[in-house]
Amino acid sequence: MRPDLTVADIFMDYAASQYFKKYQNYFLCVFIFLFGVLVGESSIAQIADAENSRENSEQIRNNFSRPDSVLLVLKEQYNMVVKDDQVKAAQYLHQIGKLLFSSGHYPQSLDYLLQADNIYRKQKQIKLLAENLGTLGELYYRTTQTVLARKQFDEALLHYKNLKDESGKASIYGHIGHLYEKRQLYDSSFYFQRKALQVYEQINQKESAAKIYENIGSIYEDQEKYDSAYWYFNRAFVLNKEQGNERAQIEVLNNLGDVLRKTGRYREGLNFSMRALAMAEKTGEYYQLSGAYNDIGKGYNFVNRNDSAFYYLSLSRRYLNDIYSEESNKQLALLQTLYEIEKKDKEIEGLTLARKTDLLISIATGIVVVLVILIAGLIISRQRLKIKNEQKLHEQNKQVYRTQNQLMEAELENKKLQEENLRQELEIKTKVLSSYTLHVIRKNQQLEDLQSQLDALAKDDKRDQKKQIRQLSEQIGAGLSDDQHWEEFRGIFEQVHQSFFDRLQQQSGPLTSNDLRLIALIKMNHTSADISTLLGVSTDSLRVMRHRLRKKLNLAQGENLSNFIQSV
């Protein structure tokens, strides 16, 4: 596990530990604050002494490679071989891609790696292609494009299998296992890491096997299986010690100390961290020095020696600041170098293009001079012909416009005549509808008169009046049973008010023929007296009919029936 990068993060980690008591966090914060105030000067002096004991900025710079210088050398080597040896040029492109990848410049790295990929495929350099695919897979993994990463790893693995390159196969197995680990698919991660370990042990690559042991230990640590994690970390340490890989030993010692702290064995964890610090001071690995100081600070905090914790955490932070400053300088230098390389490439490309352009201009100048006269004459003749053609076309367009205008005027006149005919037809039908309504009113009035006469005769007891009463009754029955007039009335009404009844039915429930008659008469703006006469009912009955109709139309209380019907 990598150490945390800030003191604040370290203390948050402490606060989450299950070994602290309820109020110890508060006490720790207060203690550190008071400690900083009371013994700040002495601590600062100690830190200054520690800083003076190591070499300053010059030594730091010597501990970090200069990627900008390496990039310039690789680019120069590439330019020297690009015309004569494509495979070697691709190897330089691959190295530049790896350098930019390790420096965090992923887009530029991808560009160089893809260029190398293209050349390797064309030149059928399968082993170099597989190596390049592995680097591409790592790059896609870093940019969280796991699907693309797995695709590169699978293709690389296929090539290594065909080449029977066991070391290459094991390397890809390890990458795939790491891919699954970060997705927390631990079973799949174990499967591929163990396959990688099996291959490395078969071909006796102990340094690579140690790295796989460390990877497996990290997985167990993530799963909080600390005994297994300790065993695998310890195995990795033994192999690294056999190979004399001090930097890897420091990393594993820090991991072992971290596992012991997580299991509550703080003093043993401190032991490992102290050993890591001693080795880091010997090798001058500033990342490892910072990590060791950080882990020692954690350990002292867990054993309640907060003054020592504060001291070592301050040292860790100092180293981190130096590292960050140096890394920033390296990144700026690398960016500047990339910019200068791209600028130089563009200048070379521009000069090459300019030379070609000058040559083409020189050749073309003679041709142009000869052709100018011919082209000028041709242009003049074609221009005259074009003017004549445009005049003809303009005249044709004018004629077409006049014809279209006449057609539009005729069509407009025809529409006006159609509208006038429709208007006249509508007026005639409206008059017919009104006359029919008047006819019905007169008929109903006659029926009312006959009914009155019948009422008068009914009061007289003379026998010879029975025949007259029967005749009158038959006349009334014939008048009342004549529904033909209503159908004619409805047909004319629907012609004048098209789709009126259909729209009304959509907004209400089922309506009877009497309801439709009442609605039609209201739509024609007849008075209540005329409506009662036309329907042959009394005013009170008409009021009841209107009330029932309001319910069928779902009208709210206070909403006007006539306004509603007129709005449909």
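Analyst: A residue is called buried when its relative accessible area is under 20%, exposed when it is over 50%, and partly exposed in between, using a 1.4 Å probe and the protein chains only. The model is predicted: local features need a pLDDT of at least 70, side-chain atom pairs count only at pLDDT 80 or more, and totals for chains, interfaces and linings use all residues. Residues are numbered from 1 along each chain as its sequence is written, and side-chain values use heavy atoms, with hydrogens and water left out.

Helices (H or I, at least four residues) and strands (E, at least two) are DSSP runs, numbered from the N terminus.

Aromatic contacts come next. Rings of Phe, Tyr and Trp (its six-membered ring) pair if their centres lie within 6.5 Å; planes under 30 degrees apart count as stacked, over 60 as edge-to-face and the rest as tilted. A search of the whole structure finds eleven such pairs. For Tyr 191 and Phe 192, the ring centres are 5.1 Å apart and the planes stand at 85 degrees, so this pair is edge-to-face. Tyr 191 is partly exposed, because its relative accessible area is 47%, whereas Phe 192, at 11%, counts as buried.

Tyr 230 and Phe 272 also form an edge-to-face pair, with 6.4 Å from centre to centre and 80 degrees between the planes. This pair links distant parts of the chain, 42 residues apart: Tyr 230 belongs to helix 13 (residues 226–243) and Phe 272 to helix 15 (residues 266–283). Tyr 230 counts as partly exposed at 26% relative accessibility, while Phe 272 counts as buried at 12%. Elsewhere, one aromatic cluster is formed by Phe 190, Tyr 213, Tyr 220, Trp 231 and Tyr 232.

Charged side chains provide further links. Side chains of opposite charge can pair when their charged atoms come close. A salt bridge here is a side-chain nitrogen of Lys or Arg within 4 Å of a carboxyl oxygen of Asp or Glu, and the structure holds 16 of them. In one of these, the side chains of Glu 221 and Lys 262 meet at 2.9 Å, N to O. The two residues are 41 residues apart and link distant parts of the chain, Glu 221 being in helix 12 (residues 206–222) and Lys 262 in helix 14. Glu 221 is buried, since its relative accessible area is 2%; Lys 262, at 31%, is partly exposed.

Another salt bridge joins Glu 268 and Arg 265, again given as 2.9 Å from N to O. Glu 268 has a relative accessible area of 37% and is therefore partly exposed, and Arg 265, at 36%, also counts as partly exposed. Salt bridges that share partners join Glu 221, Asp 258, Arg 261, Lys 262 and Asp 295 into one network.

How far apart are the end C-alpha atoms of helix 14? The expected span of a helix is 1.5 Å times one less than its number of residues. For the 17 residues of helix 14 (residues 246–262) this gives 24 Å, and the end C-alpha atoms are 24 Å apart, which agrees. Helix 14 is mostly covered, with 13 of its 17 residues buried. Gly 264, which follows helix 14, has a positive phi near 85 degrees.

Most residues other than glycine have a negative phi, and most peptide bonds are trans. Asn 304, however, is a residue other than glycine with a positive phi, near 65 degrees. Asn 304 sits in the loop between helix 16 (286–302) and helix 17, and it counts as partly exposed because its relative accessibility is 48%. In helix 17, Leu 320 is buried, with a relative accessible area of 17%. The C-alpha atoms of Leu 320 and Ser 290 are separated by 6.3 Å, although these residues are 30 residues apart along the chain.
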